[in-house]
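Biologist: I am new to this structure. Please take a close look at the aromatic rings and what surrounds them, and start with any term I will need.

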Amino acid sequence: MTGPFDGAEDLSAFFVDGEHAESVVIAAAGGDVTVVGAFFESFSDDEGIDSSDMIFQCALADIGASAQGDVLTRDDDSAYTIRDIQPDGTGLVNIVVHGAR
């Protein structure tokens, strides 16, 4: 039996490529992974902390073995280094990325 937020849920309805989401490729040590998610330019958390870091949000189950230091590339070939991977406990993950290369 699975729990309510174990990452097994189908979250594809929230991330439709071309609507409010886009496909990216994460070059991970175990091989490239294509993921659909949404970019957010900046954010504020529940504790009132603001950040100008770019966030890519997607389903946790989709990112495979992606890790800090891997490269995330958009369709326009802009590439970003993954600074942090932050699962949110609901089956989603916020990937903090740094600067286009």
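Modeller: One term comes before the rest. Strands, labelled E, are DSSP runs of at least two residues, and helices are runs of at least four; both are numbered from the N terminus. Keep in mind, too, that this is a predicted model.

Now the setting. The protein has eight strands and zero helices. Read from the N terminus, the order is β-β-β-β-β-β-β-β. The protein has 101 residues, and 38% of them count as buried. Look next at contacts between residues at least 6 apart in sequence: 39% of these join residues at least 24 apart. The exposed surface comes to about 6,000 Å², with 51% of it supplied by carbon and sulfur atoms.

Now the rings. A pair of aromatic rings is described by two things: the distance of the centres and the angle of the planes. This structure holds two such pairs. Phe 39 has 14%, so Phe 39 is buried. Phe 56 has 0%, so Phe 56 is buried as well.

The other pair joins Phe 39 to Tyr 80. This pair is also tilted, at 6.1 Å centre to centre and 45° between the planes. Tyr 80 lies in strand E7 (residues 79-87) and Phe 39 in E2, so the pair ties together parts that are 41 residues apart in sequence. Tyr 80 is buried, as is Phe 39. Together, Phe 39, Phe 56 and Tyr 80 make one aromatic cluster. The charged end of Arg 74 sits over the ring of Phe 39, at 3.8 Å from the ring's centre.

In soluble globular proteins, nonpolar side chains tend to be buried together. Here the largest nonpolar core has 15 residues, and those that touch the most other members are Phe 56, Leu 72, Ile 95 and Val 97.

Setting aside residues up to four places away in sequence, Phe 56 touches Val 35, Val 36, Gly 37, Ala 38 and Phe 39, among others. The list also includes Glu 22, Val 24, Leu 72, Val 93, Asn 94 and Ile 95.

Gln 57 has a relative accessible area of 17%, so Gln 57 counts as buried. The side chain of Gln 57 makes a polar contact of 3.0 Å with the side chain of Asn 94. Asn 94 is also one of the residues that Phe 56 touches.

Asp 70 sits in the loop between E5 and E6. With a relative accessible area of 12%, Asp 70 is buried. Beyond its neighbours within four places in sequence, Asp 70 is in contact with Tyr 80, Thr 81 and Ile 82, among others. Also among its contacts are Ile 26, Ala 27, Ala 28, Ala 29 and Ala 65. A polar atom of the Asp 70 side chain lies 2.7 Å from the backbone nitrogen of Ala 67.

A few places on is Thr 73, in strand E6 (residues 71-73). Thr 73 has 25% relative accessibility, so Thr 73 counts as partly exposed. Outside four places in sequence, Thr 73 is in contact with Val 24, Val 25, Ser 78 and Ala 79. From Thr 73 to Ala 27 is 46 residues in sequence but 8.0 Å in space, C-alpha to C-alpha.

End at the loop between E6 and E7, where Asp 77 is found. Asp 77 is exposed, at 62% relative accessible area. Most residues other than glycine have a negative phi. For Asp 77, phi is near 70°, a positive value.

Technical notes: Residues numbered from 1 in each chain as written. Predicted model: local features only at pLDDT ≥ 70, side-chain atom pairs only at ≥ 80, totals over all residues. Heavy atoms only, no water. Buried < 20%, exposed > 50% of the residue type's maximum accessible area, 1.4 Å probe, protein only. Contact = heavy atoms within 4.5 Å. Areas by Shrake-Rupley, 256 points an atom, 1.4 Å probe, with all protein chains shown as cover. Phe/Tyr/Trp six-rings, centres within 6.5 Å; stacked < 30°, edge-to-face > 60°. Lys NZ or Arg CZ within 6 Å of the ring centre and 35° of its normal. Core = buried A, V, L, I, M, F, W, Y, C linked by side-chain atoms within 4.5 Å. Polar contact = N/O pair within 3.5 Å; in protein donor to acceptor, adjacent residues only side chain to side chain.
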